[in-house]
Protein chains: 2
Amino acid sequence: MSATIHRLPTDRPPSLDPMMALVAHDMNSVNAVILDRMQSDIPLIPELAGHLIAGGGKRMRPMLTLACARLLDYPGTRHHKLAASVEFIHTATLLHDDVVDQSDLRRGRRTANIIWGNPASVLVGDFLFSRSFELMVEDGSLKVLKILSNASAVIAEGEVNQLTAQRRIETGEDRYLAIIGAKTAALFAAACRISAVVAERSEAEELALDAYGRNLGIAFQLIDDAIDYASDAETMGKGVGDDFRDGKVTLPVILAHARGSDADKTFWRDAMEGRRVSDEDLAYATGLLRATRAIDDTVDRARFYGQRAIDALGGFPAGQAKAALTEAVEFAISRAY
Amino acid sequence: MSATIHRLPTDRPPSLDPMMALVAHDMNSVNAVILDRMQSDIPLIPELAGHLIAGGGKRMRPMLTLACARLLDYPGTRHHKLAASVEFIHTATLLHDDVVDQSDLRRGRRTANIIWGNPASVLVGDFLFSRSFELMVEDGSLKVLKILSNASAVIAEGEVNQLTAQRRIETGEDRYLAIIGAKTAALFAAACRISAVVAERSEAEELALDAYGRNLGIAFQLIDDAIDYASDAETMGKGVGDDFRDGKVTLPVILAHARGSDADKTFWRDAMEGRRVSDEDLAYATGLLRATRAIDDTVDRARFYGQRAIDALGGFPAGQAKAALTEAVEFAISRAY
């Protein structure tokens, strides 16, 4: 098989629709758990959490838990609570990320930290994080608890790693991959893997789904990082060039810097260190990214991880679930176009 | 028995020394776990966490886990990891608290958020919180996991409750007690309770130790809140009058406000809402607290909870551990003098 994504026999562009349709019924149950368990006697908690949770996210991670359970023909409902737990971990990290990055927009809406302030965002994040563990404890699987508590620690490590790499142009591709492997891919991997635990499948199947999720997560993040420099502004629901202005050294920048002239290297250092943040600077950066094929090759790297995700599913039987999980990878990549 | 604390037959002032001596050996093991498990490949994590963890805290909560295990003659070592887990939860909440309160001093030293910034404090807090769950999962008791995940959620709720009560002079004693019961006493209770779980004791014994810890925690917080207005500055290792300037409506303020004239009530409202924050205002507030006996009566309330803590130990056999736990209560109260 070549290193390109093998396309489904269809003319429509790849989308998450098949996966959404596949798990729609289960997702209703997950949403009910989410709504129920974000409640609290302290009104600010459901108010703030609800703003983000109801704010039009794709529920990508719980959707993966549900779709992988379908792949395994898991007949039970334990994964509903666990999928909600995964979403709570994700929501908690988003709340804290927006505080850390001082973001003012997410998914096209004002962030919680802008509306309610940093203190509330930090504390409600802590609450959701605790709730996620309460949900896991209710389920009662120590194996799931181990997978998700480890993923949580890895995510936090990845976030700190990213923080200390920020504004450092000398960050290399390996460190960048370690960062996104931790801050993004670890939860994708765990979300997929726990479906094999509740379905009581073999270690090999657990690891295959872990690999699917991890590679999909890396592909997703690579495309996100490419899109952040895309000239078409509407795709992200956040400002284009945010990473540029924040001095986040993502793969497009790493490639453009590595491939650039001495003058280019100086430009990138100045930009990442916060001395070139105007719209003109961003336009100039975009030009360098184009000249060095840095965006195209970031997408190419994403395609590589996407292919690995698809191949990780090789041992599972063909069917709706496998097709939907495969198309999710193609969708992830296609967002770059 | 009267409502006063029954004193030990000794002339020295009450202290934590007997409890520290009782658990010194165990605490070495706990410290080893703490040092080992705050490590990470990301150097900022142990650096930042170490600043707070090595920063001269009393290790009150893990000490309680260890002392309660001694009370129960627990012969094992499982509680070492769990005591470290409790300390990690506590450290994570301190890191986040200091971000929320924009504190610049803790235990007489600069806070992590001042040295490394809010983003690092938020993320390293998240890391320690995740690590604490990893430690619990390694121990493998779902019962302990349930107790501590619940305590964590309650703490976060208490913190949000406190945040929304901030600067609101109409906060009553009941709500204040709910706040400190959640943000402080819940972890004291859980720290004590889990010793009964690892020692495989009865539900009644679990609940007795829970009650001991909870009441001790409330007493501790009441005294902390009284000390914040104490004229003697050195006791706290943080600035005197911090609560006053932050508009934290603690019991001394609630009592002085309730008992004050209309003019006093106006003063307290102005102060809590941030319109009277000078040193003269603080001096005036201290005068009102004295005139209404608000500090004395806060200490009296603390003594009430302290007595309940001691009485909760009634069913356990006399001995070194019980004496040390009793003296810990007396120590908590004595800090007000």
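Guide: Chain A can be laid on chain B with an RMSD of 0.0 Å by a turn of 180° and a shift of 0.0 Å along the axis. The two copies are thus related as by a two-fold rotation axis. Both copies use the same surface, since 100% of the contact residues of chain A recur in chain B. Please keep in mind that this is a predicted model.

Searching the whole structure turns up 5 cavities of 30 Å³ or more. The largest cavity has a volume of about 140 Å³. Its lining is made of 15 residues, and those closest to the centre are Asp126(A), Thr93(B), His96(B), Phe129(B) and Ile155(B). Two or more lining residues come from each of these elements: helix 6 (118-139) of chain A, and helix 4 (78-100), helix 6 (118-139) and helix 7 (142-165) of chain B. Helix 4 of chain B gives the largest share of this lining, with 5 residues. By class, the lining of the largest cavity holds 6 nonpolar, 5 polar and 4 charged residues.

At least two lining residues are supplied by each of helix 4 (78-100), helix 6 and helix 7 (142-165) of chain A, and by helix 6 of chain B. Here the largest share, 5 residues, belongs to helix 4 of chain A. The lining of the second largest cavity divides into 6 nonpolar, 5 polar and 4 charged residues.

Let us stay with helix 6 for a moment. Ser130(A) is part of helix 6 of chain A, and at 1% relative accessibility Ser130(A) counts as buried. Setting aside residues up to four places away in sequence, Ser130(A) touches Phe129(B), Ser149(B), Ser152(B) and Ala153(B).

The largest nonpolar core has 168 residues, and Tyr212(A) and Tyr212(B) touch the most other members. Apart from neighbours within four places in sequence, Tyr212(A) is in contact with Leu64(A), Cys192(A), Ala309(A), Ala312(A), Leu313(A), Leu325(A), Ala328(A) and Val329(A). There is also a second, separate core of 32 residues, including Phe244(B), Ala294(B), Val299(B) and Ile333(B). In soluble globular proteins, nonpolar side chains tend to be buried together.

Burial is found in loops of chain B as well. Take Thr111(B), in the loop between strand 2 (109-110) and helix 5 (112-116) of chain B. Thr111(B) has a relative accessible area of 2%, so it is buried. Not counting residues up to four places away in sequence, Thr111(B) touches His51(B), Asp98(B), Ser103(B), Asp104(B), Leu105(B) and Arg106(B). For a sense of distance, Thr111(B) and Arg193(B) are 82 residues apart in sequence and 30 Å apart in space, C-alpha to C-alpha.

Another threonine sits in the loop between helix 10 (242-246) and helix 11 (251-259) of chain B, namely Thr250(B). With a relative accessible area of 5%, Thr250(B) is buried. Leaving aside neighbours within four places in sequence, Thr250(B) is in contact with Tyr176(B), Asp225(B), Tyr229(B) and Asp243(B).

Arg59(B) lies in the loop between helix 2 (44-53) and helix 3 (60-71) of chain B. Phi of Arg59(B) is near 55°, a positive value in a residue other than glycine. Asp73(B), in the loop between helix 3 and helix 4 of chain B, also has phi near 55°, again positive in a residue other than glycine. How do their surroundings compare? At 16% relative accessibility Arg59(B) counts as buried, whereas Asp73(B), at 63%, counts as exposed.

Terms used:
Residues numbered from 1 in each chain as written. Chains lettered and ligands numbered in written order. Predicted model: local features only at pLDDT ≥ 70, side-chain atom pairs only at ≥ 80, totals over all residues. Heavy atoms only, no water. 1 Å grid on protein atoms, 1.4 Å probe; cavity = no way out; pocket = protein on both sides within 12 Å on 5 of 7 lines; lining within 4 Å. Points joined across faces, edges and corners; volume = space filled by probe spheres on them. Helix = DSSP H or I, 4+ residues; strand = E, 2+ residues; numbered from the N terminus. Nonpolar A, V, L, I, M, F, W, Y, C, P; charged D, E, K, R; others polar. Core = buried A, V, L, I, M, F, W, Y, C linked by side-chain atoms within 4.5 Å. Buried < 20%, exposed > 50% of the residue type's maximum accessible area, 1.4 Å probe, protein only. Contact = heavy atoms within 4.5 Å. Least-squares fit on C-alpha atoms with pLDDT ≥ 70 in both.
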